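Here are my notes for you on this one. Have the sequence and the 3D view open while you read.

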Amino acid sequence: MSRYRTSIGSSDENTITLLGHDLPGELMGRVGFGELVFWLVAMRRPTPGELRLFEAVLMALADHGFTPAAITARLTLTSAPEFYQGALSAGLLGGASRFHGAAEDCARFLSHALAEGLDAPEAVAARRHIPGLGHPVHTNGDPRTPVIYQIAREEGLYGKHMRFLEEVAACRPDESINGAGACGAALADLGFPVEVMRGFALLACTAGLLGHLAEEQRRPIGPDIYRDIEQSADYLDPEEQVEVPVGHGEGAAHGAGVAPAERGGHHAPRVELDDRG
């Protein structure tokens, strides 16, 4: 008989065990949700300082207004109000590289540079866009960044990733560290592997999406978005479109007649939309 190992949790007729503890008797009402998330992933309880920094990161990544993910969730609820999980899932599936992958991208960049033994000028020399720097809205500096750094320093958690990100930013004086970059560096200094960081971003985003969906139920905007787009649509004669032969060039793979940079596809410049965190 096969054995499937887990250290997360188990249950039987009378008990529920989570992380080796009795869930109702030892954890409920005693352990906060942020602490539980840290514990589940790291397989250890965070110190008070680690928990403070970790929860600040989750707070920083929770919501960014009408992002594509939030709009997608709201429109899905408009289309299928009985399918709440579908609306939430649609928003999460929209949490890809441009809006919820920035912390992961920054941490990956920092971890790679440090592993290669690069100094900051070497790390930025061949790159046009540096993950973690710049923001399309907070052009005068992301207000989340100094808070993340202050908490890390106060709690003795200012480590090599956060330090290296500051050194990298010094090489690009026209760009400052954005909130997502600070979060990615902080998570790396907390010891989390890069591979789980988008999960934290999506977890934080879930809270924001729940807020958007609850607001959509109270004060819907989805129908107006639909009407505005439908009424503003410019329907063109298909014969007026630029034709690219199927199977030839990038147009065949990514969308005929549209240059990659215009589409916002795989080869598009990321700086205009990235790092909303």
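1. Let's begin with the whole chain. Of its 277 residues, 40% count as buried, where buried means under 20% relative accessible area, exposed means over 50%, and partly exposed is in between (1.4 Å probe, protein chains only). The protein chain exposes about 15,600 Å², and carbon and sulfur atoms supply 55% of that; the areas come from the Shrake-Rupley method with a 1.4 Å probe, and for residues only the protein chains shown count as cover.

2. A word on the source. This is a predicted model, in which local features need pLDDT of at least 70 and side-chain atom pairs count only at pLDDT 80 or more, while totals for chains, interfaces and linings use all residues. Residues are numbered from 1 along each chain as its sequence is written, and side-chain values use heavy atoms, leaving out hydrogens and water.

3. Now the parts list. The protein chain has 15 helices and 3 strands; these are DSSP runs numbered from the N terminus, with helices (H or I) of at least four residues and strands (E) of at least two. Take the contacts (heavy atoms within 4.5 Å) with a separation of 6 or more: residues 24 or more positions apart account for 70% of them.

4. How do H9 and H11 pack? Helix H9 (residues 144–154) and helix H11 (residues 179–189) pack at an angle of about 20°, with their axes 8 Å apart. Axes are lines fitted to C-alpha atoms, for helices over the stretch in contact, and angles run from 0 to 180 degrees between N-to-C directions. So H9 is roughly parallel to H11 (under 35 degrees is roughly parallel, over 145 roughly antiparallel, 65 to 115 roughly perpendicular, and the rest oblique). Arg-144, Thr-145, Ile-148 and Tyr-149 in H9 meet residues of H11 including Gly-179 and Cys-183.

5. Compare that with another pair. Helix H4 (residues 68–79) and helix H12 (residues 197–218) pack at an angle of about 40°, their axes being 9 Å apart. That angle makes H4 oblique to H12. On the H4 side, Ala-69, Ala-73 and Leu-77 are among the residues in the contact, and on the H12 side Leu-209, His-212 and Glu-216 are among them.

6. Last, look at Gly-9, which sits in strand S1 (residues 9–11). Is Gly-9 buried or partly exposed? Gly-9 is partly exposed, because its relative accessible area is 38%. Not counting residues up to four places away in sequence, Gly-9 touches Thr-17 and Leu-18. The C-alpha atoms of Gly-9 and Leu-19 are separated by 5.7 Å, with the two residues 10 apart along the chain.
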